[in-house]
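Thanks for coming, everyone. Let me put the model up, and then I'll walk you through it.

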Amino acid sequence: MTNDMSAPLRRLLSVFCALCVFCGQSLRSSEVPLLTADGFRVPQPGREFVFPRDHGSHPDYRIEWWYLTGHLFTEEPRPRRFGFQATFFRSASPLEAAARPAPAAFGHDQIYLAHMALVDIGTGRFIYQERLNRAGWDAAASTETLDLRNGDWSLRFLDPAAERMELRGGVRAEARFTLALSPLKPRVLFGEAGYSRKGASPTAASHYITFTRLEVSGELVLGAAPPVRVGGLAWMDHEFGSSKLDEDQVGWDWLSAQLHDGREIMFYALRRRDGSIDPVSTLTWIDREGRTATAPWRWEPLTFWRSPRTGAVYPQRIRLTTTDPASGAEAVFLVEPFHAAQELLGEVGGVTYWEGACRILSADGRTELGSAYMELTGYDRPVDVVR
Amino acid sequence: MLLLLRRLSLRHARLAPGQTALLVLILALGVAVFTAVRLANRAAVLSFTHFTDTLTGSSDFIIQAPAGPLPEAVLPELRQALADLAVQIHPVVESSAAEPAGPEAPRFGRRSFTLLGVDLVAAANLAGQQQAENRFFGGADPAPGSAEPQLGPPPPTFFDLFAEEPLVWLSPAFASPLPGHLELILNDRPVRLRVAGPIPRPPEAPPAPANLIVLDLPRLQGLVGREGRIDRVEFILEPGPAIDERRAALARRLEQLALASAESGSPRWFVTTPGARRETAATMTAAFRLNLTVLSLIALLVGLYLVFQALDGAVVRRRAEIAILRSLGVDAATIRRAWLAEAALLGLAGSVLGLLLGWAGAQFAVRAVGQTVNALYFSTSVAAAHPSLGEALLGLAAGLLASLVAGWAPARAAAATPPAQVLVRSAPGAIGGPWLRSPALALGALALGLLLSRLPPLDLGGGARFPLAGHLAAFCGILGGGVLASLALPALGRALRPLAARSAPWRVALGHVARPTGRHRLAAAALVCAIGMAAGMAILVASFERSVRGWINSSLQADLYVSSLGAQSAGSDNRLSPETWRALAAHPAVARASVFTAHPLVLDGLPTTLGGGDLAAQAARGGFLWIGPPPPPEALDPARNEGLALASESFAGRFRIRRGDTLGVPTPSGPRTLRIVALYADYGNERGTLLVDRVHTTRWFADDHATSLALDLTPEADADSVRAALLEGFPGLAVFTNSGLRAEVLRIFRQTFSITYALKFIGLAVAVGGLALSLASVLLDRRDELTTLRALGFRPTEIARATALEGAALALCATATGLALSLALGWLLIHVINKQSFGWTLAFSVPVAQLATLAALVVGTGALVSHLVGRWATSLPADRQE
C-alpha cells in the first residue's frame with residue numbers, strides 16, 4: 001500500500017500535519033519575517049482576528065485546514081452510536097504557477113483535499129473516503145466567511161453571528177450526513193491568542209482557532225436505509241500557516257477529549273526519529289468557560305494493534321497521567337479506542353494514519369469520564385518531510 | 001475404422017502427395033482469407049475505444065450536447081442537482097492531433113492521435129486510478145532509506161501540472177521507452193509538449209490505445225482554443241448499496257435536467273453510456289465490414305467446390321478397392337464414416353494452416369481496413385490484429401464445415417458401392433449430379449437473382465443497412481453463371497472442332513471438351529464464380545474511381561486548399577483559428593477565399609456533420625455534382641437561404657430524407673428547422689453532411705473557426721510559390737495545390753480499396769489452383785486412356801499439350817461466361833449493394849483493358865498449369881496402384 005503513495009501528496013499532507021505542532025515560546029514580533037522565502041505570508045504574533053472573516057480561507061498562507069471530529073447518537077430505530085471525522089484541507093500552489101491566468105472552473109492556485117470517515121460503534125464498521133479537487137467548479141473556500149466545498153461535501157455557516165454551521169458529508173454511497181453544529185463554548189485561540197509556535201525558526205508558527213465543544217444535531221443516512229435523526233458533540237480545529245515539519249520528526253500522537261464534567265483536554269506529542277519525544281509536545285486543559293491551561297503529562301501506551309493492511313503497529317489503550325489544574329491533584333485517565341480498525345490508508349492523499357473514536361475511562365477502567373478522538377501518524381513509515 | 005482410415009485415406013494421401021497438399025493449401029487459403037478479414041474487422045471495431053474507459057474503467061453515464069460543446073456552467077448546476085446521489089462528475093474535452101509532416105508534400109495517413117482532456121487532479125478520486133500500478137503523479141516511491149538512484153527526470157507533482165510547460169501522458173504502447181518530448185500539430189500550429197510518463201492503467205480498464213494522449217483538461221482547452229467549453233460530462237456512481245436504483249435515478253435526473261431551462265423544449269444534452277457509444281461505432285461500420293466478410297467467403301466457396309471434386313474423384317478411382325472392402329464384410333456405414341473422416345481430416349489440416357496464414361494475413365488486412373474506417377467513419381488506431389479464440393474456432397468450423405459438406409455426397413457414393421463390383425475404370429460417374437446440366441436451373445437462378453436485386457436492404461439499426469438480398473442475388477448469379485458455363489462447354493467443343501484437324505493433341509483435347517465430364521463442368525463453374533466476382537469488383541472499383549474523378553474535377557476548382565495538418569480522418573476536429581484563416585484570406589495573392597466549417601452533430605442518435613460553407617462561391621465554381629435537380633437560386637444566396645440546406649447523398653441515405661423534406665437540427669443556440677432543397681454527391685465520408693451557408697452556422701454555433709479554406713489566387717500568382725510562402729508563415733497547415741489535392745484524393749481512394757484487390761486475387765488464385773486440381777482428377781480418371789494414348793505413340797509432350805489445350809478451353813469458356821456474369825455482378829454491386837450499404841451513386845464504367853488482362857491471365861495460367869498437370873500425368877505408372 002505504501003508503495004502506491006504519491007510522494008508529492010504525502011509531502012503536501014505532511015505540511016498540513018505539521019501544523020498540529022506548536023510551542024509556547026514567545027517571540028518578539030520584530031523577529032518574525034513577513035514572508036517566507038517563496039513569498040507566502042508568515043503568521044505574526046498579536047494578529048487581530050476578525051470574525052467571521054477569519055473562519056474563512058487565507059490563500060496568502062500556504063496551507064490551511066478545518067478539522068471536525070465528533071460522536072453521534074441516535075434512538076431510531078434503536079439506540080446506536082457513531083464516530084465521525086470530516087476534514088477539509090487547502091494547499092496553495094507555488095506563487096509563480098498561481099500567477100498564471102487560469103479558467104475559473106479549473107483553477108490552479110489551490111488544491112483542496114478532504115477526508116470523511118464514519119465508524120459504527122456498535123458493529124465496528126469503519127468507512128472512509130478521501131477526495132481531491134482543484135480550486136474551481138467543484139471545490140472552493142470563501143475568503144469572507146466559513147464556506148467550504150469539495151464535491152458534494154461542504155461546511156458553511158448557517159448563522160455567522162452565532163457561529164452556527166452546517167456540515168454536509170458522507171462516505172461514497174454508504175453514508176450521508178447533514179449536521180448542524182452550534183458552539184456550546186466560545187472559540188479557543190491556542191498558543192498566544194491564536195499565534196502558535198511550532199519550532200525554533202521564526203517562520204515556524206500557525207494561527208490556530210478551535211471550537212472544543214459543538215452541539216451536533218442532524219440527519220444520517222446509512223446506505224439505502226431511511227434517514228435517522230442524530231445528536232451529539234463535536235470538536236473543530238481551524239489552522240493556517242506557511243511552514244514545514246522538522247527533519248527529525250517521524251510523526252505524532254494527538255488527542256481531543258471531551259469530559260463529561262464540561263471540560264476538554266487537547267494533547268499532542270511529536271515523536272522523533274531517535275524515539276524521543278519533542279519537548280514542544282503539550283497537554284492543554286480547557287475549562288467550562290473556555291479558558292486554557294497547560295499541564296505536565298505522561299503518555300503510556302498499554303496495548304498495541306497491528307494493522308493487517310499496512311503492517312503498522314499503533315498504540316491503542318493508553319494511560320494518560322496529568323495534573324488537574326482545578327485541584328492541582330494528579331489525574332489518571334485511560335484512553336480506549338472503541339475499535340482498533342480505524343485506519344485511513346491514504347489512497348488519494350498518500351498519508352496512512354489512524355484517526356479514531358475513543359472513550360476516556362477512569363484509571364481503574366470502571367467509569368466512563370468522556371469521549372475523545374485520537375490521531376496517530378507516522379506508524380507505517382515516517383511522515384515524509386517536505387524537501 | 002481408424003485402421004481403415006489409415007489404410008484407405010493415408011495411403012491415398014501418400015500416393016498423391018502433390019494433390020493432397022494442393023487441396024489442403026486451397027482450403028487453407030479459403031480459411032485464411034475468411035479469418036484474416038474477420039480478425040481485421042474485429043480489430044478495426046475494437047480500436048474504437050471510448051477513450052475515457054482507459055482511465056475510469058467505465059462510466060455509468062455520459063452527457064453530450066447534440067451539437068457543439070457544453071458550457072462549463074452546467075457543471076455546478078449538475079453538482080447541485082445530483083448532490084444526494086453520490087456521483088463523481090468528470091468533464092471531458094476530446095480533440096485530435098497529428099504528428100508533423102516531413103519535408104515532403106503533405107499527405108494524409110500520418111499518425112494521428114486522440115487528445116483526452118480530463119481534470120487530472122480530480123482523476124485521483126477514481127477508484128480505478130487508486131488501484132493502478134502507476135499514477136499520474138509521483139509514481140512508486142523507492143522504499144524509505146533506500147539509496148536508489150533516480151533515473152531520468154523526477155516524476156511530476158500536481159504543482160508541475162500548473163507550471164508553464166504543458167504535460168502529456170502517453171500510452172505505454174506509443175513507444176518504448178517514451179520520448180521526453182512530443183511534437184504535435186494541434187489545430188493550425190505545431191506544439192511541443194513535455195511527456196510526463198505513461199498513462200496509468202486501472203486493473204479492470206482496457207489498455208490505453210497507442211494513439212491516446214492524456215492531458216489536464218484546462219490545458220487542452222487552452223491549446224485548442226475551446227476555453228469555457230467541454231465536449232461531454234461523464235458520471236461515475238460511488239460504490240454502495242442500491243446501485244441499480246441509484247443508476248436509474250441518475251439517468252432520470254439527467255434526462256430531466258436536460259430539459260430544464262432548455263429553450264424551446266429541445267434537450268440541452270442527450271444521455272448515453274460508453275457501451276452505446278461503442279455500439280454506434282460498430283453499427284456505423286457494420287455494412288462495410290459485412291461486405292468484406294461476404295467477399296472473403298468467396299475463396300472458401302471455391303474451396304468447397306474443389307474438395308468435392310477431389311473426394312469424388314478419389315471415390316471413383318478407388319471404387320474397386322471399396323468394393324473389395326465391402327465384400328470383406330466392412331459395412332456401408334463404416335465406409336461412409338471413413339470417407340467423411342477423410343474429408344474432415346483434410347478440412348482440419350486446411351483450417352489449421354489457414355488459421356496461421358489468416359493471422360499473418362490479418363496483420364496486413366488490418367492496416368487496409370483501419371485506413372478505410374479512418375477515411376470514412378472515425379479516427380482509429382489499429383495497431384495489430386490479435387488472434388482470438390472465437391475467431392479461430394469460427395475459422396476452424398468454416399473450414400471443417402466446407403470440407404464435410406463437400407465430402408458428404410462422395411462419402412455417400414462410396415458407401416453405396418456394392419461389394420466386389422467390377423467396374424469399368426474410366427466411368428466418371430454422374431459427378432455433380434444432373435443439376436450442372438440443367439438449363440432450367442441456370443435460368444431459374446438468374447431470374448431469382450434478378451428478382452432479389454429489386455429487394456430493399458436489411459436494416460441493421462443505427463443507420464446501417466446491409467444488402468442481404470443483393471448478396472443473395474450475387475450468389476444466384478454465380479450459381480446460374482456456373483451452370484451456364486458448364487452447359488456451354490460442349491458447344492465450345494463443337495465450335496472449335498474445325499481446329500481439331502490441326503493435330504492429334506487438338507483432337508484429343510476438343511473431344512474431351514465436347515463431351516465434358518461432371519468434373520470439367522465443376523471446374524468451369526468454380527472458375528466462373530471467381531472470375532465473375534473478381535471482374536465484378538473491378539467494374540465496381542473502376543466505376544467508383546470514375547465517379548470520384550468526376551467529383552473532384554468539378555468540386556476541386558480553387559487554386560489552393562488549406563486545412564490543419566492535424567486533420568487526418570473523418571473524425572478529426574482540428575481547425576483553423578479565425579485569426580489564421582483571416583490572415584490567409586487577406587494574403588495579397590489571394591483573390592477569393594471560401595471558408596468551410598464542419599460541426600459534428602448527433603441526429604436521431606447518429607453522428608453526422610453540419611457543414612457551413614460559402615455556397616454561392618462553391619456553386620459558381622461548378623463545385624456541386626447535383627443528384628437530381630439543382631437547388632433554386634435563393635438557396636445559394638446567404639441573404640435568403642436561412643432555413644434551407646443541401647444534403648449529401650450519404651446523408652439522405654442514412655437519414656431517409658428526400659428533396660423537399662424538412663428536419664429539425666440541434667445547435668447550441670437552439671434547434672433549427674431546415675428544408676432540404678437539393679442533394680449533392682460527396683464521396684468524402686459516409687457519415688453524411690448537411691450543408692448550409694456559413695453565415696448561419698457561425699451565428700448558430702457562436703464559432704468562427706474554419707475546417708478548411710479554398711483559395712482562388714490572383715491571375716498573376718503562382719500556386720506553388722504562394723503555397724511555399726503560406727507554409728513558411730503557418731507551419732501547422734496543410735496546403736495543397738489543386739493538382740496535389742487531386743492526386744492525394746485518388747491515392748486515398750486506391751488505398752481504401754487495397755483490401756478488395758487482395759481478396760480478388762486470392763479468389764482467382766484459388767480458382768486457378770482448382771483448375772489444376774480438376775484436371776489432375778480428370779486425368780487420373782482417364783488413366784486407361786493415357787496408357788492407350790502412349791501405346792498409340794503419343795509422346796509425353798503431346799499428351800501435355802493436349803491437356804494444356806483442354807485446360808485452356810475450359811478456362812476460356814469459364815472466362816467468357818465469367819466476364820458476362822461480371823457485367824451483371826458489377827451492375828448489382830454498383831446499383832444495389834453499394835447504393836444500399838453506402839448510399840453513393842456511381843456511374844457504370846467497364847475497365848476493358850483491365851478485364852482483358854484478367855481474362856488473358858486466367859486463360860494463360862489455366863493452360864500453363866494444365867500443361868504441368870499433363871506432364872505429371874504421363875509420368876504416372878500405367879498399372880493400378882490405388
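First, the ground rules. This is a predicted model, so to speak of local features we need pLDDT of at least 70, side-chain atom pairs count only at pLDDT 80 or more, and totals for chains, interfaces and linings use all residues. Residues are numbered from 1 along each chain as its sequence is written, with chains lettered from A and ligands numbered from 1 in the order in which they are written.

Start with chain A. There are 2 helices and 25 strands in it. Helices here are DSSP runs of H or I with at least four residues, strands are runs of E with at least two, and both are numbered from the N terminus. Chain A has 387 residues, and 53% of them count as buried. The cut-offs: buried is 20 or more other C-beta atoms within 10 Å of the residue's own, exposed is 12 or fewer, partly exposed is in between, and the C-beta atoms are placed from the backbone.

Now contacts. Two residues are in contact if their C-beta atoms, placed from the backbone, lie within 7 Å. Take the chain A contacts between residues at least 6 apart in sequence: 59% join residues at least 24 apart.

Chain B next. It has 28 helices and 23 strands. Of its 882 residues, 54% count as buried. For contacts in chain B between residues at least 6 apart in sequence, 85% join residues at least 24 apart.

Nonpolar means Ala, Val, Leu, Ile, Met, Phe, Trp, Tyr, Cys and Pro; charged means Asp, Glu, Lys and Arg; the others, Gly among them, are polar.

On to the backbone. There is a cis peptide bond between A:Glu76 and A:Pro77, with omega about -15 degrees. A:Pro77 sits in the loop between β1 (63-74) and β2 (80-92) of chain A. In chain B, a cis peptide bond joins B:Ser176 and B:Pro177, with omega about -5 degrees. B:Pro177 is in the loop between β5 (167-170) and β6 (181-186) of chain B.

Two alanines deserve a look. B:Ala86 is not a glycine, yet its phi is positive, about 50 degrees. Find B:Ala86 in the loop between α4 (74-81) and β3 (87-98) of chain B. Why does B:Ala86 count as buried? Because it has 23 C-beta neighbours inside 10 Å. B:Ala242 also has a positive phi, about 55 degrees, although it is not a glycine. B:Ala242 falls in the loop between β10 (232-237) and α8 (243-259) of chain B. It has 13 C-beta neighbours inside 10 Å, so B:Ala242 counts as partly exposed.

One strand residue. B:Asp459 lies in β12 (458-461) of chain B. B:Asp459 counts as exposed because it has 10 C-beta neighbours inside 10 Å.

Last topic: helix packing. Two packed helices are described by the angle between their axes and the distance between the axes. Axes are lines fitted to C-alpha atoms, for helices over the stretch in contact, and angles run from 0 to 180 degrees between N-to-C directions.

Pair one is α15 (468-495) and α18 (518-555) of chain B: their axes come within 8 Å and cross at roughly 135 degrees. That makes α15(B) oblique to α18(B). Under 35 degrees would be roughly parallel, over 145 roughly antiparallel, 65 to 115 roughly perpendicular, and the rest oblique. The contact of α15(B) with α18(B) has 8 nonpolar, 5 polar and 1 charged residues. Among them are B:Gly481 and B:Gly482 in α15(B), and B:Arg521 and B:Gly532 in α18(B).

Pair two is α27 (796-838) and α28 (848-874) of chain B, packed at about 150 degrees with axes 7 Å apart. So α27(B) and α28(B) are roughly antiparallel to each other. Their contact has 18 nonpolar, 8 polar and 2 charged residues.

That's my tour. Over to you.
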